Structures are given as C-alpha cells and as structure tokens.
Amino acid sequence: MSKFFTLFFLTLLISLLPLHAQVSLGLRGGLTLSATQIKNSQGYKSNSLGTSSQLTNLHADLMINVPVYRRLYFQPLIRYITKGAYLRPLPSKQGVFVESANQLKLHYLEVPLNMVLKFPVSLGKIVVGAGPYVAYGLNGTYDLDLIYNGSVVSTDSHAIEFNYKDRGIAPGTQLRRFDAGGNLMVGIEFNNLMVVGANLTRGFLNLDRTNSAKITNSYFSLSLGILLDREDY
C-alpha cells in the first residue's frame, strides 16, 4: 500500500511538470479542530465537531494551483495533518476494571483534490471549491484509561501502527491505514501573495477493519500561508 501511495505522488508531480509555466505553488499551515466519530454494536457513540471531544492540532500544506479554464482551477494539496479526538469513557461497572481509550491522535499524509473557482476582487481573489481527499496513515497514539468504579486508576500511552497485530483503540479493533472522504473550502489570495483559507472535511471510509464498529474522521481547519509565485494570474 505504501508503494502505491508513493507512486500516486510521483504520478501527480510528473503530470504537473509540463504545466510548469502555468502552475503556481504555495506553502501554508494552521490550526485543525478534529473529531473521530465511533459507533459500535453496544451503542457507544463519540461526539463530533463543536463539542468538548474535538482535538486541537496543527497542519502543514504544499498548495498547487493549476489553471483549467478561465476562473476554474485544479488545486491539489499535499497536507501533513493530525486527526483524532478526546473519546468519551466507556460505561463503568461496579467492581470491574474497564479499559477505555481517552485521547486519540492519528497522523496522516493527506491529498485533497479540489476544483476551485477564483473571483477577482480589489484585494486579490476569493476562492471557493470542493473535492475528494485520500489520506495515508503514518502512525498514531492513544491513551488508554483503566477505570474502576467510575474512577481512572491508571493511564498508559499506546502506539498505533495500522497493522493486524495492533489492537487499535479497543480490544478487537483494527484500524485501516487509508482514509478517504470529501471537503469544502473557501479562502482569499491577497495581492501581496498572502493566502488564508478554511476547510471542512468529512471522512466517508470506515476505519475499522473488523467491522465491529463504524469509525470516521472529520475536521475543520484554518490556514495562513504565502504563494511562492504569481504565474497563474
């Protein structure tokens, strides 16, 4: 799978080489608010964006602008991002030790493939767009609480390696390495080359390989960066 993802990146970059005279690049980064929705057969369900379960982290982007036709552009990103959430504890049972995942962090290399429209205004261009994304899981961690009679007795940190020996965030759970979904974006490209943007992303792929639960990612991000050239203007 990792070889496939590497080949995908190389194909994307090679396909852009003939368009070098028309393509512009940019760098940006910013704040990410993420949530991981989990629903299992026992009725456990985690919270979503906008609640106390959302996790705050950072992301970094390489942004590519490819003119297509007039105001229409193809704008793929190569993004390093941390997704995850603070998970609600499992129901405790009197006199029984219960293991429950707490904080979940999943590190991805993500490629949103957006089609965008750019509308000229006095201060630059307003950008709106949407598209799918694919993401490759690099690694991750989760904190596992040991709960007894409603109180946390101890907390241990565990690594997630996205393999079949990894039990994931709960006994019997195995996480897929790949994630996929869709996103909406809006932003401004200023005349001084500064760019600001916002993304709302929702994962459609169930990350649980065992199908014992439904696990999906979502996040909202705010970005600030700079265009390295103005070749697409």
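**Patch, pairs and bridges**

Modeller: Start with the nonpolar surface patch: β4 gives the largest share of the patch, three residues. Keep in mind that this is a predicted model.

Colleague: Which residues make that nonpolar patch?

Modeller: Leu117, Phe119, Val121, Leu123, Ile126, Val128 and Val186. Together they form a patch of about 480 Å².

Colleague: And which strands each supply at least two residues of the patch?

Modeller: β4, residues 97-121, and β5, residues 124-148.

Colleague: Where is Leu123, then?

Modeller: Leu123 sits in the loop between β4 and β5. Its relative accessible area is 39%. That falls between the 20% and 50% limits, so Leu123 counts as partly exposed.

Colleague: Step back a bit. How many helices and strands does the protein have?

Modeller: One helix and nine strands. The order from the N terminus is α-β-β-β-β-β-β-β-β-β.

Colleague: How much of the protein is buried?

Modeller: Buried residues are 44% of the 233 in the protein. The accessible surface is about 11700 Å². Carbon and sulfur atoms hold 64% of that surface.

Colleague: What about contacts between residues 24 or more positions apart?

Modeller: Take the contacts with a separation of 6 or more. Residues 24 or more positions apart account for 68% of them.

Colleague: New topic, aromatics. How many pairs does a search of the whole structure find?

Modeller: One aromatic pair. It is formed by Tyr136 and Phe178, with ring centres 5.4 Å apart.

Colleague: Why is the pair of Tyr136 and Phe178 edge-to-face?

Modeller: Because the ring planes of Tyr136 and Phe178 are at 70 degrees, and planes over 60 degrees apart count as edge-to-face. The pair also links distant parts of the chain. Tyr136 is in strand β5, Phe178 is in strand β7 (residues 178-190), and the two are 42 residues apart.

Colleague: Which charges sit over rings?

Modeller: Lys83 lies over the face of Tyr108, 4.7 Å from the ring centre. The charged end of Lys118 sits over the ring of Tyr73, at 4.2 Å from its centre.

Colleague: Now salt bridges. How many does a search of the whole structure find?

Modeller: Five salt bridges. One of them joins Arg79 and Asp61, at 2.6 Å from N to O. Arg79 is in strand β3 (residues 72-86) and Asp61 is in strand β2 (residues 55-69), so the bridge ties together parts 18 residues apart in sequence. Both Arg79 and Asp61 are buried.

Colleague: Lys83 came up with Tyr108. What does Lys83 form a salt bridge with?

Modeller: Asp179, with the closest N and O atoms 2.9 Å apart. This pair links distant parts of the chain: Asp179 in strand β7 and Lys83 in strand β3, 96 residues apart. Asp179 is buried at 1% relative accessibility. Lys83 is buried at 0%.

Colleague: And Lys118, which residue does its side chain meet in a salt bridge?

Modeller: Glu189, at 2.9 Å from N to O. Glu189 lies in strand β7 and Lys118 in strand β4, so parts 71 residues apart in sequence are tied together. Glu189 and Lys118 are both buried.

Colleague: Which residues do shared partners join into one network?

Modeller: Arg28, Asp61 and Arg79 are joined by salt bridges that share partners.

Colleague: Why can such side chains pair at all?

Modeller: Side chains of opposite charge can pair when their charged atoms come close.

Colleague: Last one. Which lysines have both a ring and a bridge?

Modeller: Lys83 has the ring of Tyr108 and a salt bridge with Asp179. Lys118 has the ring of Tyr73 and a salt bridge with Glu189.

Technical notes:
Residues numbered from 1 in each chain as written. Predicted model: local features only at pLDDT ≥ 70, side-chain atom pairs only at ≥ 80, totals over all residues. Heavy atoms only, no water. Patch = residues over 30% accessible without salt bridge, like charges linked within 9 Å, V, L, I, M, F, W, Y side chains within 5 Å. Areas by Shrake-Rupley, 256 points an atom, 1.4 Å probe, with all protein chains shown as cover. Salt bridge = Lys/Arg side-chain N within 4 Å of Asp/Glu carboxyl O. Helix = DSSP H or I, 4+ residues; strand = E, 2+ residues; numbered from the N terminus. Buried < 20%, exposed > 50% of the residue type's maximum accessible area, 1.4 Å probe, protein only. Phe/Tyr/Trp six-rings, centres within 6.5 Å; stacked < 30°, edge-to-face > 60°. Lys NZ or Arg CZ within 6 Å of the ring centre and 35° of its normal. Contact = heavy atoms within 4.5 Å.
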